[in-house]
Structure formats: C-alpha cells, structure tokens
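Visitor: I'm new to this one. Could you show me how to read it, feature by feature?

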Amino acid sequence: MVRKRILSGMRPTGNIHLGNLHGALMNWKELQEEYDCFFFVADWHAMTSDYDATDHIKDHIRGMVIDWLSVGLSPERSTIFVQSHIKEHAELFLILSMITPLAWLERNPTYKEQIAQLKNKDLSTFGFLGYPVLQAADIIMYKAHGVPVGVDQAPHVELTREIARRFNHFYGPIFPIPQTILTPTPRLLGIDGRKMSKSYNNAIYISETPDQIRAKVSQMVTDTKRARRSDPGEPNDCNVYSFHNLYTDKEAISRIEQECRKAEIGCVDCKELLAENLTRYLAPIYDKQNYYKNHPNLVTEIILEGCEKARSVAQHTMEEVRAAIKI
Ligand code: TRP
Ligand code: SF4
C-alpha cells in the first residue's frame with residue numbers, strides 16, 4: 001500500500017527545546033509510523049530574517065538533525081534532508097513567484113506580525129515578503145498530502161493551497177492541494193511564564209545536563225498568588241504543574257494537586273521532583289545525542305542519503321513543471 005505523504009520543516013535557529021519537542025517533534029515521530037514523511041531543515045528560510053548573521057546556520061543544521069534523530073525520527077522510515085542542498089527548491093520558488101499576486105503576500109498575518117514585532121531588524125526585503133512562496137515550493141515539490149504545523153504557520157499552508165491551485169489553473173493539474181494538519185500547541189510555557197521561545201531566553205533545551213535542568217526548573221514561575229510556603233496554591237495556575245502532567249506519574253500528580261491546595265507541599269520540593277522526572281524522561285534522548293555527536297560521519301551519511309532521496313523526487317517534479325510551463 002502506498003503511504004500518504006507528509007512534509008514539514010523547521011528553521012535551524014538553535015537547539016530543540018521542550019516546546020518544540022511536544023509541539024512538533026513528538027507529533028512527527030508518531031506520523032512517521034503511518035505516513036511517508038519528509039522532514040527538512042529550512043536553512044534558506046532561516047536566512048530571510050538572519051541574512052546578516054549566517055555564521056551559525058551550518059552548525060545549527062547538524063545540531064537540529066542530531067536532535068531529531070535523538071528523539072526518534074528514523075532515517076529508515078522518513079526522508080530527512082536540508083532545503084538548500086536541493087537546488088530545485090530555488091527553481092520552483094522562482095517559478096511560483098511569477099504567479100503569486102503581491103496582495104496575497106502583503107495580507108499574510110504572519111508577515112504583518114513579524115514586521116511589527118521584530119522592530120530592530122530590517123525585514124523589508126523581497127525574500128522576507130516571499131517567505132511563504134518558498135514554503136509553498138517546499139511543500140508542493142514533494143506533492144505532500146498533509147503538512148503538520150502549529151497555528152502560527154497555518155496561514156502559510158493556506159497560501160500554499162492558493163498558489164498550487166493557481167499553478168494548476170494556468171498549467172494543468174500537476175499539484176495535489178495539501179491539507180493543513182494542525183498540531184495542538186502544548187501548554188508548556190517558558191520558565192518566566194511567557195511562551196517558550198529561544199528569543200525570550202526562557203526555554204529548557206533537550207540537550208541540557210541534569211544540573212542545568214535543575215537550575216532552570218528551580219527558577220520557574222509558579223502560582224503567583226502563592227507568595228508564602230504556608231499559602232495554599234492552585235495547580236491549574238501553575239506552569240510547574242503543567243510540566244508534571246507530562247513527566248510525572250498519575251499517582252504523584254494527584255498527590256501534588258491535593259497537597260498544593262492544602263499547602264502541604266512546598267514549591268521547592270515540587271520543583272525538585274519535577275527536575276528529577278524531567279531528567280529521567282530526557283536521559284535516553286541525551287544518550288542518543290551523545291552517540292550522534294560522537295559519530296559525526298554517521299550524521300553526515302544520514303543527511304546525504306536523505307538529500308539524495310529528496311532530490312530524486314524533486315528532480316522528477318521539476319521535469320513535470322518545466323513541461324507544464326513549456327520553458
Ligand atoms: N516556516 C516554517 C517555520 O518557521 C518552516 C518551514 C519552511 C516549513 N518550509 C516549510 C514548515 C514547509 C512546513 C512546511 O516553522
Ligand atoms: Fe506549583 Fe507545585 Fe508550587 Fe503548587 S506546589 S504552586 S503545583 S510548584
């Protein structure tokens with residue numbers, strides 16, 4: 001039986017944190033059991049905002065692939081590759097840019113939001129406006145049926161659908177229209193209580209040592225109404241408790257819940273327990289990271305093989321595209 005194809009990508013902005021792990025990677029890992037998955041590192045996309053600081057992108061690509069492998073993405077089941085190694089993406093991006101109306105890009109909510117938020121960066125570039133066109137090329141190149149993304153990326157998949165329809169309308173039915181597979185965003189916040197994000201400096205990374213994890217967990221904001229040890233707390237207003245829900249066994253969770261409400265457990269002990277459980281959860285991932293870091297040739301090999309598989313699909317698609325546009 002032919003498995004349906006799923007494709008998704010991530011920008012190589014640094015290490016994987018717990019938000020990425022539960023928001024995307026665990027979902028990818030599950031999808032690979034059932035679908036023909038293509039997962040890639042979107043390094044050209046990283047350049048749209050970091051065009052003035054590209055020094056670390058290469059290291060981040062390898063680091064990211066190591067993190068993916070360590071959480072269980074399988075190079076046997078899935079095709080793992082790097083966007084910039086498949087030059088066909090650039091060709092399809094160029095062709096799609098010819099048919100994409102500017103108005104579609106200018107009204108993209110992610111674009112408007114980013115321009116407003118990242119005030120210290122000059123994002124008034126052609127490439128940044130065209131970000132979703134490159135993403136559309138990534139997706140339809142492999143004729144993906146489904147694209148797992150978080151809500152913030154959903155408008156880009158929507159644009160991809162419109163661009164694919166427009167291509168098919170002009171040149172014939174080459175591309176299937178991909179579905180958005182919405183990944184529920186995890187309730188995990190950063191240690192300061194804001195959204196977990198590398199740029200907020202509040203993330204816990206899957207590469208951190210037990211000591212680093214304990215230090216970060218001890219800084220976590222708890223139920224802010226619980227000022228003193230003798231005050232009762234409300235677990236549902238506490239980020240530490242949300243974490244327990246992922247890493248702690250059910251019995252201990254219900255004990256924490258009751259004891260927190262009666263001020264029988266203190267936040268220090270509660271965090272100590274979390275740090276222990278999180279460390280235990282991450283231990284096998286951590287071991288695999290070390291394994292891959294100590295076997296750099298293996299990682300190179302995996303990336304090369306994935307790129308080869310991706311490239312042969314991309315070359316085939318581009319032959320169809322060139323025939324369709326008659327150029
Ligand atoms: N824009 C995505 C992000 O920032 C990354 C990405 C690039 C992507 N191309 C893609 C995701 C294609 C899904 C499909 O997260
Ligand atoms: Fe949060 Fe635990 Fe403190 Fe309760 S005891 S407020 S759940 S850290």
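This is a predicted model: local features need pLDDT of at least 70, side-chain atom pairs count only at pLDDT 80 or more; totals for chains, interfaces and linings use all residues.

Guide: Residues are numbered from 1 along each chain as its sequence is written, chains are lettered from A and ligands numbered from 1 in the order in which they are written, and side-chain values use heavy atoms, with hydrogens and water left out.

Visitor: Which residues come nearest to ligand 1?

Guide: A residue is near a molecule if one of its heavy atoms lies within 4 Å of it. Here 14 residues are around ligand 1, and R11, Y131, Q135, D138 and Q153 come nearest.

Visitor: Which elements supply at least two residues each to that shell?

Guide: Helices (H or I, at least four residues) and strands (E, at least two) are DSSP runs, numbered from the N terminus. In this model, β1 (5-10), α8 (131-141) and β4 (146-149) each supply at least two residues. α8 gives the most, with four residues.

Visitor: What is the shell like by class?

Guide: Ala, Val, Leu, Ile, Met, Phe, Trp, Tyr, Cys and Pro count as nonpolar, Asp, Glu, Lys and Arg as charged, and the others, Gly among them, as polar. The shell around ligand 1 has seven nonpolar, five polar and two charged residues.

Visitor: And how do I read the polar contacts?

Guide: Look for a pair of N or O atoms within 3.5 Å; within protein, one must be able to donate a hydrogen and the other to accept it, and residues adjacent in sequence count only if both atoms are side-chain atoms. For ligand 1, a nitrogen atom is 2.6 Å from a polar side-chain atom of Y131. The side chain of Q153 has an N or O atom 2.9 Å from a nitrogen atom of the ligand, and the side chain of R11 has one 3.0 Å from a ligand oxygen atom. As for cover, the protein takes up 92% of the 370 Å² of accessible area that ligand 1 has on its own (Shrake-Rupley method, 1.4 Å probe).

Visitor: How many cavities of 30 Å³ or more does the structure hold?

Guide: Rolling a probe the size of a water molecule over the atoms shows where empty space is left. On a 1 Å grid over the protein atoms alone, a cavity is a set of points where a 1.4 Å probe fits but cannot get out, and a pocket is an open set with protein on both sides within 12 Å along at least five of seven lines; lining residues have an atom within 4 Å of a point. Grid points are joined across faces, edges and corners, and a volume is the space filled by probe spheres set on the points. This structure holds two such cavities. The largest has a volume of about 120 Å³, and 16 residues line it, with R226, C238, C260, C267 and C270 nearest its centre. α13 provides the largest share of that lining, three residues.

Visitor: What lines the second largest cavity?

Guide: R11, N108, T110, Y111, Q114, F128, Y131, P132, Q153 and H156 do. The volume of this cavity is about 90 Å³, and α6 contributes the largest share of its lining, three residues.

Visitor: What volume does the second largest pocket have?

Guide: About 250 Å³. Its lining includes D43, W44, K58 and R62, and α3 gives the largest share, four residues.

Visitor: How many salt bridges are there?

Guide: A salt bridge is a side-chain nitrogen of Lys or Arg within 4 Å of a carboxyl oxygen of Asp or Glu. The count comes to 14. One of them joins E162 and R107, with the closest N and O atoms 3.8 Å apart. That pair links distant parts of the chain, 55 residues apart: E162 is in helix α9 (residues 154-171), and R107 is in the loop between α5 (102-106) and α6.
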